[in-house]
Amino acid sequence: MKVKKFQAPSMPEVMKKVKKELGPNAVILNEKVVKTGGFMGLFKKNQTEVIAAVDPIDRTPKPKKDTTPKAPPMPLASEEPKGNSEIMKELQSLKSLVKNQETEPIPEGFEDVYHHLLAQDVEEALAKEWVEEVAENTLTDEPIDNRVVKHIYGRMKDLSFGKPDVYKPFVHLVGPTGVGKTTTVAKLAADSALNKNMKVALITTDTYRIAAIEQLKTYAGILDIPIEVAYNMEDYAAAREKFKEYDVVYVDTAGRNFRDPSYVKELGELLDFNSNTETYLVLSLTSKYKDMQDIYHQFAHLPIEQFIFTKMDETSTYGSALNMVMQERIGVAYFTNGQDVPDDIVEATPMRLSRQVVEGFVYE
Ligand SMILES: Nc1nc2c(ncn2[C@@H]2O[C@H](COP(=O)(O)OP(=O)(O)OP(=O)(O)O)[C@@H](O)[C@H]2O)c(=O)[nH]1
Ligand SMILES: [Mg+2]
């Protein structure tokens, strides 16, 4: 790890120096304002001082081995401890409960759709509940798939899907590393500016990596819209003030390891989530459902209004999105389905999500 101290009159200037010397992957470890120069203690000037580092080795986290302790094996009947009748009774009732669940038949004619839902990674309990509920209505000859689609749709139709009816001026995109926050900010900004003729601006608080600032600045340049880089709370507040007359301001945030609780705390301190803001949690459809749940719980103390699911083009299973919606009762604003800005984004609807999971409906 190469670590170095840099000084310049302002943050943007010091960042330029960092980038020149350490490259775009440099990480800012510390920043402060120092007084330098002057004569006999007078006329000193404020300088921004930054300690930056760059790691020449790729330390992207590799998937960890599952180290969860395994449950001890069940004792064989002959090994059962004697005289412990209470425990034995409970064990017996648990065994029969599990057995009942295993053998409870799927309603006739619904086996295919049930197994399809499981193959889509829909939670087993949800899939079972839905097919059972649909099967209860025997007074219809509609195809089973249609009935299941409508049923799942019915479970989501009260949630908020798609873009908001009234735009809140400040739209935050938060989420873990690399899910597509910056790319999605660019797609949304392009849609608002080019298709809706709105007055759009961008704020990025992702000052963790220099390359991240450049990435959004490039999009802002192409779209000919202003952008402010917020290194701290004051910058962020000043940028909000500067853009207060704008129709919509998209705020990109740094992605970090969501398992680091200080990250989400810092985010909460940096951004104003209270007034006039909309916050989307961006999740990649290529993540496992368990990870999505963990991510959501890390971010849950922020006021998450809707999900954005990205990288739909990189998977053919969408059940985890449906599980998240059902579990948290939060709707989906958009799906993104490719790397192209501005085209690869579609507005979500409950019917589309339902059809996607049941029928393999594909977004164009
Ligand atoms: N296939 C596919 N790739 C995508 C999609 N959205 C974003 N990407 C790609 O995912 C990569 C990461 O995208 P970014 O927008 O930089 O992700 P981020 O969340 O801002 O990343 P950090 O700022 O590092 O946390 C880029 O290569 C994007 O082109 C999508 O819908 N489909
Ligand atoms: Mg980013």
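Here is a short chat about some strands and aromatic rings.

Analyst: Heads-up: this is a predicted model, where local features need pLDDT of at least 70, side-chain atom pairs count only at pLDDT 80 or more, and totals for chains, interfaces and linings use all residues. Residues are numbered from 1 along each chain as its sequence is written, chains are lettered from A and ligands numbered from 1 in the order in which they are written, and side-chain values use heavy atoms, with hydrogens and water left out.

User: Which residue in β10 is the bridge partner of phenylalanine 309?

Analyst: Strands here are DSSP runs of E, at least two residues, numbered from the N terminus. β9 (residues 306-310) runs parallel to β10, with three bridges joining them; DSSP has to find at least two bridges for strands to pair. The β10 partner of phenylalanine 309 is phenylalanine 335.

User: Is phenylalanine 335 buried or exposed?

Analyst: The cut-offs are under 20% relative accessible area for buried, over 50% for exposed and partly exposed in between, using a 1.4 Å probe and protein chains only. Phenylalanine 335 has a relative accessible area of 0%, so the label is buried.

User: How do the rings of phenylalanine 309 and phenylalanine 335 pair, and why does the pair tie together parts apart in sequence?

Analyst: Rings of Phe, Tyr and Trp (its six-membered ring) pair with centres within 6.5 Å; planes under 30 degrees apart are stacked, over 60 edge-to-face, the rest tilted. Phenylalanine 309 is buried too, at 0%. Its ring and that of phenylalanine 335 are stacked, 6.0 Å centre to centre with 25° between the planes. Phenylalanine 309 lies in strand β9 and phenylalanine 335 in strand β10, so the parts tied together are apart in sequence by 26 residues.

Methods:
Helix = DSSP H or I, 4+ residues; strand = E, 2+ residues; numbered from the N terminus.
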